[in-house]
Amino acid sequence: MSIHVRFFAALREAVGTASLTLDTQAATVGALRDELIARGGVWAEALARGKSVRASVNQTMTDDTAPLPPGAEVAFFPPVTGG
């Protein structure tokens, strides 16, 4: 299935792109993250499992267990702090 993936703030800078369209077999956000980590290099470093990364699906905050519907927009971004 095809999905649209967006990256914000420090993640956008790290991976060198704001967005991409991706054909994936991933059924969940966590599986998608693992697929991106498997690309290696800056992808593995930016999205590593030890790092705090937030995600949303179709503009709704979610966790790694969230299912990915066909055509979904998935966004990854670092934690946001207020002040």
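Predicted model: local features only at pLDDT ≥ 70, side-chain atom pairs only at ≥ 80, totals over all residues.

Q: How many helices and strands are in the chain?
A: There are 3 helices and 5 strands. Along the sequence the pattern reads β-α-β-α-α-β-β-β.

Q: How compact is the chain?
A: It is as compact as a globular protein of that length, because its radius of gyration is 12 Å, close to the 12 Å that the globule rule gives for 83 residues.

Q: What box do the C-alpha atoms fill?
A: Roughly 35 × 30 × 20 Å, taken along the principal axes.

Q: What percentage of the residues is buried?
A: Buried residues make up 35% of the 83.

Q: And the surface, how much of it comes from carbon and sulfur?
A: The chain exposes about 4,600 Å². Carbon and sulfur atoms supply 54% of that area.

Q: How far apart are the mean positions of the positive and negative charges?
A: They are 5 Å apart, for 7 positive and 8 negative charges.

Q: What share of the contacts links residues 24 or more positions apart?
A: 48%, counting contacts in the chain with a separation of 6 or more.

Q: On to the core. How many residues does the largest nonpolar core have?
A: It has 23 residues. Those with the most contacts inside it are Val 5, Phe 7, Leu 32, Leu 36, Leu 47 and Phe 76.

Q: Where does the largest share come from?
A: From H2, with 4 residues.

Q: Why would such residues group together?
A: In soluble globular proteins, nonpolar side chains tend to be buried together.

Q: Take Leu 36. What is it in contact with?
A: Setting aside neighbours within four places in sequence, Leu 36 is in contact with Val 5, Phe 7, Leu 22, Trp 43, Leu 47 and Phe 76.

Q: Now Ser 56. Where is it found?
A: Ser 56 is in strand E3.

Q: Is Ser 56 buried or exposed?
A: Buried. Its relative accessible area is 7%, and the cut-off for buried is under 20%.

Q: What does Ser 56 touch?
A: Beyond residues up to four places away in sequence, Ser 56 touches Met 61, Thr 62, Glu 73, Val 74, Ala 75 and Phe 77.

Q: Ala 75 is on that list. Which strand does Ala 75 lie in?
A: Strand E5. Ala 75 counts as buried, at 5% relative accessibility.

Q: And what does Ala 75 touch?
A: Leaving out residues up to four places away in sequence, Ala 75 touches Arg 6, Phe 8, Arg 54, Ala 55 and Ser 56.

Q: How far is Ala 75 from Arg 6, C-alpha to C-alpha?
A: 4.6 Å, although the two are 69 residues apart along the chain.

Q: Let's move to Ala 18. Where does it lie?
A: In the loop between H1 and E2. Ala 18 counts as partly exposed, at 39% relative accessibility.

Q: What does Ala 18 touch?
A: Val 5, Arg 6, Phe 7 and Arg 12, not counting residues up to four places away in sequence. The C-alpha atoms of Ala 18 and Phe 7 are separated by 5.1 Å, and the pair is 11 residues apart along the chain.

Q: Then Ala 14. Where is its place?
A: Ala 14 is in helix H1. Its relative accessible area is 35%, so it is partly exposed.

Q: Which residues is Ala 14 in contact with?
A: Val 42 and Ala 46, apart from its neighbours within four places in sequence. Ala 14 and Leu 47 are 9.4 Å apart in space, C-alpha to C-alpha, and 33 residues apart in sequence.

Q: Backbone next. What is phi of Ala 9?
A: Near 55 degrees, a positive value in a residue other than glycine. Ala 9 lies in helix H1 and is partly exposed at 39% relative accessibility.

Q: Why point out a positive value?
A: Because most residues other than glycine have a negative phi.

Q: And what is phi of Gln 59?
A: Near 65 degrees, also positive in a residue other than glycine. Gln 59 lies in the loop between E3 and strand E4 (60-62).

Q: Is Gln 59 buried or exposed?
A: Exposed, with a relative accessible area of 69%.

How values were computed:
Residues numbered from 1 in each chain as written. Heavy atoms only, no water. Core = buried A, V, L, I, M, F, W, Y, C linked by side-chain atoms within 4.5 Å. Buried < 20%, exposed > 50% of the residue type's maximum accessible area, 1.4 Å probe, protein only. Helix = DSSP H or I, 4+ residues; strand = E, 2+ residues; numbered from the N terminus. Contact = heavy atoms within 4.5 Å. Rg over C-alpha atoms; globule rule 2.2 N^0.38 Å. Areas by Shrake-Rupley, 256 points an atom, 1.4 Å probe, with all protein chains shown as cover. Lys, Arg positive; Asp, Glu negative; His and termini not counted. Charge placed at Lys NZ, Arg CZ, Asp CG, Glu CD.
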